[in-house]
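Welcome! Here is a short tour for anyone meeting this structure for the first time. Take a look at it below, then read on.

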Amino acid sequence: MSPHLASDLAAIVGSHHLREARAERVTYAMDGLPTHRRVPALVVLPGTREELIAVVRLLAAHGVPFVPRGAGTGLSGGALADEAAVLLVLTRLNRILRIDGDNRLAVVEPGVVNAKLGAAARPAGLQYAPDPSSQSACTIGGNVAENAGGPHCLKYGVTANHILALEVLLADGSLVEIGSPGGESWGPDLVGVFVGSEGNFGIATRITVRLTPLPRAVRTLLADFNGLRIAGEAVSAIIAAGIVPAALEMMDQSCICAVEDSVYAAGYPRDAAAVLLVEIDGRNGDAVVAETEVVTELLRKSGARSVRSAASEAERERLWQGRKKAFGAMGRLSRDLVVQDAVVPRSALPQVLETISTIAKHYGLVVSNVFHAGDGNLHPNISFDATDPVLKKKVEAASAEIMQACIAAGGTITGEHGVGIDKLRYMPLIFDAESLGAMHAVRRVFDPEERVNPGKVVPVHACREWISANPGAAPRGQPRAVA
Amino acid sequence: MTILEKVSALLGEGAILEAGTDRVPRIAPGSPDAVALLLGTAHQEGWRVRIEGAGTWLQSDAPADLALTTRRLDRVPAIEPSDLTATAEAGIGLDQLRQQLADRGAWLAIDPPGLAGRTLGSVVATATAGPLRHAFGPIKDHLLGVTFVTGDGRMVQSGGRVMKNVAGYDLTRLQAGGFGAFGVIVLVHLRLRTLPRADITYVLEGAREDLTQIGEDIAAAGLTPAALELVSPALARRERWVLAVRLAGSPALVAADEAGLGAASGGGRFTPLRAEEAHAFWMRLAEGFSVRPVTFRIGGVPTASDELLDLLQHQLGDEWISASPAAGAIRWTGDTNIDRLQRLRRTLAGLEVPLTLERAPWPLRGAVGHFGAYREGVGPLVAGLRRTFDPGGALVVATEGS
């Protein structure tokens, strides 16, 4: 890296917005996942789109790799940069450029916080539907990179369903406009390809999102069960009835107790093996009331011990706070927490949950489950102390077994957290060398030098081209053997 | 050896079908592996290949050394009603797939234009959504994953069979609406819904501007129709424009929306269609778009719908039009020429409205292209992606036109 690079960057963004000292750079060494740690060479915080473009063009001229980062709430190590790369923190690009209520869209910069966009849309009777648990901190740019989900994505869809158009800054410093405000693309659906590319294709500098009307009626139900299996069967019964709740979330006993012991206590019954949080919403109050009655009856018939309806907005918020802050509440259980992410077919939920419980017992680990049951999107959370190397190895081994169990059930390794660094080793379990090679080739169309967020998403050594070129080498990227 | 002799040796006699009127050999591989074998050979031999489904949508007239039809890829390996997912090969007709799904209580909530037997792969490759896009979104929103074969015979998987999936880049969305430029789709993993327990269609005739207003009032009243489609008189075969409202879902939801429809229509009297009438109405609408020589779609913001409909009528005449104003989507079919279509595309580009040519005779689509008027920087990316997935240029697809 050129000795002049730092001063040249400072000339663009101002020295206050360049972090050179190691003590400052260490602040950015992790994201929301405590198992990976990398210290970037430099940290740059551009304040305008023009500064960002100038920074990326300077890095292109120097051939320096860089990693775009939003609020750093990701859970896959995806926004980490090592000593060879510059970290571009985009949180200062936080302007909402336009809200067009008539056409139900907004144009924002990448650093706009998810919840702030929601709040800004509310006076127009609209919402930005994707609501990851970190929505009070995470940014829309990060949501686009990760194709973020959230509890209400069951009905409203994930980030990919809400992005209409993007202005993208490629690694070489050129700008590309993809998508259109009406949602039709200029040619192939490059917006669809870009969303979820984990920063490997460039930086979304302007994001046009779809807003949806706020529901006029909402009913929130809390059902508790004596077993995870019957709670899972209740989920299937609701879906089979043709009703799509806005959200259908499950928590197991370990998670319930962690929440109830915390400041986020929501009144969940501690003796329940599982609770389901079911939300039915809509624009037509009569329909919501009628569907709520049907769902209540289905929950009871499926074996719920009790079904409680939030009697007020305050009670609803309390029930949701418990769910959304569950990851924080689990901080009470141990020093560190690995929030895992996998998806299985809904019908496989009961069996997979039992398998996860068996794996946890085998390794003597505490695994708490809080997840999007309606989508089959599991979040097994492992509580541990990362300073204990033996324990850390057990967590890695248990995580690998959980992933393998989900894949064996017909599922996948991530539903909303992304691959990042953390799940590179699992990619060859679900994609063959040909498919990984195709992904790698697409990345090179956008970024031929592979300078944006290097070393993430696709394990290059498992791609067909690499294997063909290195016939004698041992395949890499495989999950570690389980003890 | 001739091409047919080579193909026969490769895939067997059974894969060779009767050629069409242009006498281009028509090959129907019987499995995804056979598609890969054929395209790998085509790449090596330098054969130019055009892709066909059932031959009911896009005209089978692109100049090529052979036509690859997916019609023998018609198996449905999995339907999982409890998970609301299915896996189907690309060559299955939508009518057959619908029936198999309905038998299991499941529903693929798409109603693309074209004949009932149009293949699933054709619908996905062209991303041709119909009126149900109003509530259920574009075709890509119904896909969990696809398997496709590249122009040089590589088999690539994307996505999976579960409801949420962010493992790897989303190549499924590249294939949805790629018109086959990035490979031949052979297998599709689908997101399903429960077959609606209530499904009723209402229609109202009137002046276009009045119906547009009623459509907006319906949305403002909080009704949630599955489809809200504005249809031109010629296409609807009625005296005046028609606003068709389809309510589908749980009985509770449909009953509540029915109750609100009268109030929202400002005194306009919607007529309910009997089940068979509704089926015939939507079927006629879909089939209408495969009758005339040229069909295209445009997508603008909802508030521009009226202006765009005026523009279409002014530049191309009052032909067969169907619009989903709230979704900003308009489809036109009729007869036109290269100059008028290129002029229209340029005009629309100035309004930030893309025009996608869905079907047209080869001389027109070869000149105009399915896509065009790219925004800044898009052209080189599309060209790069084409080189990646079809390095030898074996697949004959008029992406940008000449």
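In chain A, the C-alpha centres of domain 2 and domain 4 lie 30 Å apart. This is a predicted model, in which local features need pLDDT of at least 70 and side-chain atom pairs count only at pLDDT 80 or more, while totals for chains, interfaces and linings use all residues. Residues are numbered from 1 along each chain as its sequence is written, and chains are lettered from A and ligands numbered from 1 in the order in which they are written.

**Domains of chain A**
- The domain assignment (bounds of this kind come from an automatic or database assignment) gives domain 1 (5-89), domain 2 (96-213), domain 3 (217-328), domain 4 (334-408) and domain 5 (424-469).
- Four residues of domain 2 of chain A are in contact with four residues of domain 4 of chain A; contact means that the C-beta atoms of two residues, placed from the backbone, lie within 7 Å.
- On the domain 2 side there are three nonpolar, one polar and no charged residues. Here Ala, Val, Leu, Ile, Met, Phe, Trp, Tyr, Cys and Pro count as nonpolar, Asp, Glu, Lys and Arg as charged, and the others, Gly among them, as polar.

**Where chain A meets chain B**
- Between the chains, 74 residues of chain A are in contact with 66 residues of chain B.
- The elements of chain A that each supply at least two residues to its side include β9 (175-179), α8 (228-240) and α10 (285-301). Helices (H or I, at least four residues) and strands (E, at least two) are DSSP runs, numbered from the N terminus.
- The largest share, eight residues, comes from α16(A).
- By class, the side of chain A that touches chain B has 32 nonpolar, 28 polar and 14 charged residues.

**A sheet in chain B**
- Five strands of chain B form an open sheet in the order β5-β6-β10-β8-β9, with antiparallel pairing; strands pair if DSSP finds at least two bridges between them.
- At the edges are β5 (78-80) and β9 (155-159) of chain B, each pairing on one side only.
- Strands β6 (residues 85-89) and β10 (residues 184-191) of chain B pair over five bridges, and Thr85(B) has Arg191(B) as its bridge partner.

**A buried strand in chain A**
- Strand β18 (residues 366-372) of chain A is largely enclosed by the rest of the structure, because six of its seven residues are buried (20 or more other C-beta atoms within 10 Å of a residue's own, with C-beta atoms placed from the backbone).
- Three bridges join β18(A) to the antiparallel strand β13 (residues 247-252) of chain A, with Met251(A) partnering Val370(A).
- Strand β20 (residues 380-384) of chain A also pairs with β18(A) in the antiparallel sense, over four bridges; there, Val367(A) has Ile382(A) as its bridge partner.

Methods:
Buried ≥ 20, exposed ≤ 12 C-beta atoms within 10 Å, placed from the backbone.
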